[in-house]
Amino acid sequence: MEYKITSYNERETANIAENIEAEKFPNMVICLTGDLGSGKTVFVKAFASALGIKEDITSPTFNIIKEYHDAELPLYHMDVYRLEDTREDIGIEDYFEKSGVTIIEWADMIKDKLPEERLEIKFRIIDENTRVLVLVPYGKVYEDICGVIA
Ligand SMILES: Nc1ncnc2c1ncn2[C@@H]1O[C@H](COP(=O)(O)OP(=O)(O)O)[C@@H](O)[C@H]1O
Ligand SMILES: [Mg+2]
(Lines give C-alpha, C1' and ligand atoms only; values in the text may rest on other atoms or scores of the structure.)
(Ligands and ions follow the chains in the order given, each with its own letter.)
Protein backbone atom coordinates (compact mmCIF):
# COMPACT_ATOMS: atom_id res chain seq x y z
CA MET A 1 0.00 0.00 0.00
CA GLU A 2 1.17 3.51 -0.89
CA TYR A 3 -0.31 6.81 0.19
CA LYS A 4 0.19 9.84 -2.05
CA ILE A 5 -0.20 13.30 -0.61
CA THR A 6 0.25 16.49 -2.63
CA SER A 7 1.69 19.45 -0.75
CA TYR A 8 1.27 22.89 -2.29
CA ASN A 9 3.51 24.80 0.08
CA GLU A 10 6.02 24.41 2.89
CA ARG A 11 3.32 24.69 5.57
CA GLU A 12 1.39 21.75 4.13
CA THR A 13 4.50 19.58 4.29
CA ALA A 14 4.98 20.68 7.89
CA ASN A 15 1.35 19.76 8.68
CA ILE A 16 1.89 16.22 7.44
CA ALA A 17 4.93 15.87 9.71
CA GLU A 18 3.06 17.30 12.70
CA ASN A 19 0.22 14.80 12.24
CA ILE A 20 2.46 11.84 12.98
CA GLU A 21 1.91 11.09 16.63
CA ALA A 22 5.42 9.93 17.32
CA GLU A 23 5.03 9.94 21.10
CA LYS A 24 2.81 6.86 20.68
CA PHE A 25 5.61 4.96 18.94
CA PRO A 26 8.79 5.49 20.94
CA ASN A 27 10.98 3.48 18.59
CA MET A 28 9.75 4.70 15.28
CA VAL A 29 11.99 4.95 12.23
CA ILE A 30 11.16 7.30 9.38
CA CYS A 31 13.18 7.14 6.17
CA LEU A 32 13.13 10.15 3.83
CA THR A 33 14.26 10.06 0.24
CA GLY A 34 14.16 12.65 -2.54
CA ASP A 35 16.31 15.16 -4.36
CA LEU A 36 18.04 18.14 -2.80
CA GLY A 37 15.45 20.81 -2.01
CA SER A 38 12.51 18.45 -2.08
CA GLY A 39 11.51 19.19 1.53
CA LYS A 40 13.11 16.52 3.72
CA THR A 41 14.56 18.98 6.22
CA VAL A 42 11.35 21.04 6.23
CA PHE A 43 9.61 17.83 7.26
CA VAL A 44 12.16 17.01 9.99
CA LYS A 45 11.95 20.50 11.52
CA ALA A 46 8.16 20.35 11.82
CA PHE A 47 8.29 16.79 13.12
CA ALA A 48 10.85 17.77 15.78
CA SER A 49 8.93 20.79 16.92
CA ALA A 50 5.74 18.69 17.23
CA LEU A 51 7.74 16.31 19.45
CA GLY A 52 8.46 19.27 21.72
CA ILE A 53 12.02 19.92 20.67
CA LYS A 54 12.84 23.59 21.13
CA GLU A 55 16.38 23.47 19.81
CA ASP A 56 16.86 24.59 16.21
CA ILE A 57 17.23 21.62 13.87
CA THR A 58 20.20 22.02 11.59
CA SER A 59 21.27 19.62 8.92
CA PRO A 60 23.74 17.10 10.31
CA THR A 61 25.45 16.68 6.96
CA PHE A 62 28.98 16.66 8.36
CA ASN A 63 28.35 14.86 11.64
CA ILE A 64 25.79 12.53 10.00
CA ILE A 65 23.86 12.07 13.26
CA LYS A 66 22.53 14.72 15.62
CA GLU A 67 20.78 13.84 18.84
CA TYR A 68 18.14 16.00 20.54
CA HIS A 69 17.33 15.22 24.14
CA ASP A 70 15.29 18.21 25.26
CA ALA A 71 11.85 16.64 24.72
CA GLU A 72 10.11 13.63 26.25
CA LEU A 73 11.48 11.32 23.56
CA PRO A 74 14.98 11.57 22.16
CA LEU A 75 15.18 12.38 18.46
CA TYR A 76 18.00 11.06 16.29
CA HIS A 77 18.27 13.03 13.08
CA MET A 78 20.52 11.54 10.44
CA ASP A 79 21.61 12.85 7.08
CA VAL A 80 23.51 9.96 5.54
CA TYR A 81 24.33 11.66 2.25
CA ARG A 82 28.03 11.80 3.09
CA LEU A 83 28.24 8.50 4.88
CA GLU A 84 30.25 6.95 2.08
CA ASP A 85 33.00 9.52 2.68
CA THR A 86 33.40 8.42 6.30
CA ARG A 87 35.70 5.57 7.09
CA GLU A 88 34.52 4.90 10.63
CA ASP A 89 31.58 2.69 11.39
CA ILE A 90 29.28 5.08 13.24
CA GLY A 91 26.91 2.35 14.43
CA ILE A 92 23.76 3.47 12.67
CA GLU A 93 21.97 0.21 13.45
CA ASP A 94 22.41 0.77 17.20
CA TYR A 95 20.08 3.75 16.98
CA PHE A 96 17.19 1.62 15.73
CA GLU A 97 17.26 -0.35 18.99
CA LYS A 98 17.36 2.69 21.27
CA SER A 99 14.30 4.27 22.72
CA GLY A 100 13.69 7.33 20.64
CA VAL A 101 12.62 8.39 17.21
CA THR A 102 14.99 8.09 14.29
CA ILE A 103 14.49 10.13 11.14
CA ILE A 104 16.89 9.67 8.25
CA GLU A 105 17.46 11.93 5.23
CA TRP A 106 18.78 10.19 2.10
CA ALA A 107 17.83 6.82 3.62
CA ASP A 108 18.21 5.12 0.23
CA MET A 109 21.98 5.47 0.67
CA ILE A 110 21.87 2.90 3.50
CA LYS A 111 19.16 0.55 2.18
CA ASP A 112 20.83 -2.59 3.50
CA LYS A 113 21.06 -1.17 7.04
CA LEU A 114 17.44 -0.08 7.46
CA PRO A 115 15.17 -1.98 9.86
CA GLU A 116 12.48 -4.16 8.33
CA GLU A 117 9.69 -2.14 9.96
CA ARG A 118 9.75 1.54 9.06
CA LEU A 119 7.93 4.35 7.33
CA GLU A 120 9.37 5.46 4.02
CA ILE A 121 8.48 8.84 2.59
CA LYS A 122 9.55 9.72 -0.94
CA PHE A 123 9.56 13.41 -1.80
CA ARG A 124 9.04 14.38 -5.41
CA ILE A 125 9.47 17.92 -6.74
CA ILE A 126 6.65 18.90 -9.10
CA ASP A 127 7.28 22.63 -9.37
CA GLU A 128 8.60 25.49 -7.23
CA ASN A 129 6.07 25.02 -4.45
CA THR A 130 4.48 21.67 -5.16
CA ARG A 131 5.74 18.37 -3.79
CA VAL A 132 4.27 14.89 -3.88
CA LEU A 133 4.95 12.80 -0.79
CA VAL A 134 4.61 9.07 -1.25
CA LEU A 135 4.28 7.26 2.07
CA VAL A 136 5.16 3.57 2.12
CA PRO A 137 4.62 1.78 5.45
CA TYR A 138 6.49 -1.41 6.28
CA GLY A 139 4.76 -3.08 9.24
CA LYS A 140 1.43 -2.81 11.01
CA VAL A 141 2.33 0.15 13.22
CA TYR A 142 3.31 2.19 10.20
CA GLU A 143 0.20 1.12 8.26
CA ASP A 144 -1.86 2.52 11.14
CA ILE A 145 0.05 5.79 11.14
CA CYS A 146 -0.54 6.21 7.41
CA GLY A 147 -4.22 5.43 7.88
CA VAL A 148 -4.42 8.39 10.27
CA ILE A 149 -2.44 10.98 8.32
CA ALA A 150 -3.15 10.14 4.68
N1 LIG B 1 5.46 22.10 -0.70
C2 LIG B 1 6.70 22.27 -0.16
N3 LIG B 1 7.12 21.45 0.80
C4 LIG B 1 8.37 21.57 1.34
N5 LIG B 1 9.26 22.51 0.96
C6 LIG B 1 8.90 23.37 -0.01
C7 LIG B 1 7.60 23.29 -0.61
N8 LIG B 1 7.51 24.27 -1.55
C9 LIG B 1 8.68 24.92 -1.52
N10 LIG B 1 9.53 24.39 -0.61
C11 LIG B 1 10.90 24.86 -0.38
O12 LIG B 1 11.79 23.83 -0.78
C13 LIG B 1 12.94 23.82 0.06
C14 LIG B 1 13.11 22.46 0.71
O15 LIG B 1 14.34 22.46 1.35
P16 LIG B 1 14.84 21.30 2.33
O17 LIG B 1 13.74 20.89 3.23
O18 LIG B 1 16.10 21.76 2.95
O19 LIG B 1 15.12 20.12 1.27
P20 LIG B 1 15.98 18.78 1.46
O21 LIG B 1 16.23 18.58 2.91
O22 LIG B 1 15.11 17.72 0.84
O23 LIG B 1 17.23 18.99 0.65
C24 LIG B 1 12.74 24.93 1.08
O25 LIG B 1 13.41 26.08 0.63
C26 LIG B 1 11.23 25.15 1.08
O27 LIG B 1 10.87 26.46 1.40
MG1 LIG C 1 18.02 18.20 4.02
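This is a predicted model: local features need pLDDT of at least 70, side-chain atom pairs count only at pLDDT 80 or more; totals for chains, interfaces and linings use all residues.
**Helix α2**
- The helix α2 (40-51) is built from 12 residues, and the distance from its first C-alpha to its last is 17 Å, close to the 16 Å expected at 1.5 Å a residue.
- Which residues of α2 are buried? They are Lys40, Phe43, Val44, Lys45, Ala46, Phe47, Ala48 and Leu51.
- As a handy rule, an α-helix has 3.6 residues a turn, so residues three or four places apart point the same way.

**Around ligand 1**
- There are 16 residues around ligand 1, and those that come nearest are Thr13, Gly39, Lys40, Thr41 and Val42.
- Two elements, α1 (10-18) and α2, each give two or more residues to this shell.
- By type, the shell around ligand 1 has two nonpolar, nine polar and five charged residues.

**A look at Arg82**
- You will find Arg82 in the loop between β4 and α3 (92-97).
- Why does Arg82 count as partly exposed? Because Arg82 has 14 C-beta neighbours inside 10 Å, and a residue is buried at 20 or more and exposed at 12 or fewer.
- Arg82 and Asn63 are 19 residues apart along the chain, and 9.1 Å separates their C-alpha atoms.

Conventions
Residues are numbered from 1 along each chain as its sequence is written. Chains are lettered from A and ligands numbered from 1 in the order in which they are written. A residue is near a molecule or strand if its C-beta atom, placed from the backbone, lies within 6 Å of it. Helices (H or I, at least four residues) and strands (E, at least two) are DSSP runs, numbered from the N terminus. Ala, Val, Leu, Ile, Met, Phe, Trp, Tyr, Cys and Pro count as nonpolar, Asp, Glu, Lys and Arg as charged, and the others, Gly among them, as polar. The expected span of a helix is 1.5 Å times one less than its number of residues.
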